[in-house]
Amino acid sequence: MEISGKSKPQPVNVKVVKPIEATPESFKEYGQVIEASPDGEEFGPKDAQLNLTLGIPRFYIMKLEKRSLKFPAITHHANVTQCLGSIGGGVCQNAGHFYVPPAVDKVQVFRISGSKFIKLNVGTWHAGPLFKPQTMDFYNLELSNTNVVDHTTHSFKQQDGIVFVIDD
């Protein structure tokens, strides 16, 4: 018997996605992959092209725990670029798409491994970082209030009945 005002939980389907390695070429639609450059090299197109003009930049280390290789939702920031990288070069995963929430079959997952970080373009939808170890530290560059004033989430679980699982 159903209680008035309460709805039945919707069934959730699992969509398995295979990650591809984030390279400057594979990731260019979503942002940049920044790798080590020689000391003294001048600023150029291989450097992170940032947009942090609408506030105070915040560069900090995040300690994340229990971020398994699955996600029910994605987020985007409409007014700022964001940079993320693992400390120590551990392998992490990030899902990406640009500005409009992607269709379920258009979600792309990237493996970010080694000494590099990603710069997400303004409006890039993302989930993560996601990883296998129990805990990992990441550096993050965004605005000091990004997650308060510029944070939009799309729930695949609620809207589409889908949870993504990364097969890595």
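How do β5 and β14 pair, in the parallel or the antiparallel sense, and over how many bridges? Let's start there. β5 and β14 pair in the antiparallel sense, over 2 bridges. If you want a spot to look at, find K70, which stands opposite V165 in β14. And before I go on, please keep in mind that what we have here is a predicted model.

Okay, so what sheet does that pairing belong to? The strands run in the order β1-β14-β5, an open sheet of 3 strands with mixed pairing. At the edges you find β1, residues 13-17, and β5, residues 70-71, and each of them pairs on one side only. One more thing on β14: it's mostly covered, with 4 of its 5 residues buried.

Now the other sheet I want to show you. This one is open too, with 5 strands in the order β3-β10-β7-β12-β4, and the pairing is antiparallel. β3 (31-35) and β4 (57-65) are at the edges with a single partner strand each, so one side of each has no neighbour in the sheet. From one strand to the next, the twist averages 20°.

Let's zoom in on β7, residues 82-86. This strand pairs with β10, residues 116-120, in the antiparallel sense over 3 bridges. C83 stands opposite K119 in β10. Further along β7 there's S86. Is S86 buried or exposed? S86 has a relative accessible area of 7%, and the cut-off for buried is under 20%, so S86 counts as buried. Leaving out residues up to four places away in sequence, S86 touches M136, D137, F138 and Y139.

That brings me to a residue I'd like you to click on: E142, in strand β12, residues 135-143. E142 is buried yet has no salt bridge. Which side chain of opposite charge is nearest to E142? That's R58, at 4.7 Å. A salt bridge needs the nitrogen and oxygen within 4 Å. What E142 does have is polar contacts: its side chain makes one with the side chain of Y60, at 2.9 Å, and another with the side chain of Q82, at 3.1 Å. Beyond its neighbours within four places in sequence, E142 is in contact with several residues, including L52, I56, H77 and N147.

Quick stop at a loop. G55 sits between β3 and β4. With 33% relative accessibility, G55 is partly exposed.

Most residues other than glycine have a negative phi, and most peptide bonds are trans. Well, K66 isn't a glycine, and its phi is positive, about 50°. You'll find K66 in the loop between β4 and β5, and K66 is exposed, with a relative accessible area of 64%. Then there's the peptide bond from G128 to P129, which is cis, with omega near 10°. P129 belongs to strand β11, residues 124-130.

Last topic: salt bridges. How many does a search of the whole structure find? The search finds 6. One of them joins the side chains of D167 and K18, at 3.4 Å from N to O. That pair links distant parts of the chain, 149 residues apart: D167 is in the segment after β14, and K18 is in the loop between β1 and β2. D167 is partly exposed at 36% relative accessibility, while K18 is exposed at 58%.

Another salt bridge is R111 with E21, where the closest N and O atoms are 3.5 Å apart. R111 is in β9 and E21 in β2, so this pair ties together parts that are 90 residues apart in sequence. E21 is partly exposed, at 25%.

One more, and then I'm done. The side chains of E25 and K28 meet in a salt bridge at 2.9 Å, N to O. E25 is exposed at 54% relative accessibility, and K28 is exposed with a relative accessible area of 52%. Thanks, everyone!

How values were computed: Residues are numbered from 1 along each chain as its sequence is written. This is a predicted model: local features need pLDDT of at least 70, side-chain atom pairs count only at pLDDT 80 or more; totals for chains, interfaces and linings use all residues. Side-chain values use heavy atoms; hydrogens and water are left out. Two strands pair if DSSP finds at least two bridges between them. Axes are lines fitted to C-alpha atoms, for helices over the stretch in contact, and angles run from 0 to 180 degrees between N-to-C directions. Buried means under 20% relative accessible area, exposed over 50%, partly exposed in between (1.4 Å probe, protein chains only). Lys and Arg count as positive and Asp and Glu as negative; His and the chain ends are not counted. A polar contact is a pair of N or O atoms within 3.5 Å; within protein, one must be able to donate a hydrogen and the other to accept it, and residues adjacent in sequence count only if both atoms are side-chain atoms. Contact means heavy atoms within 4.5 Å.
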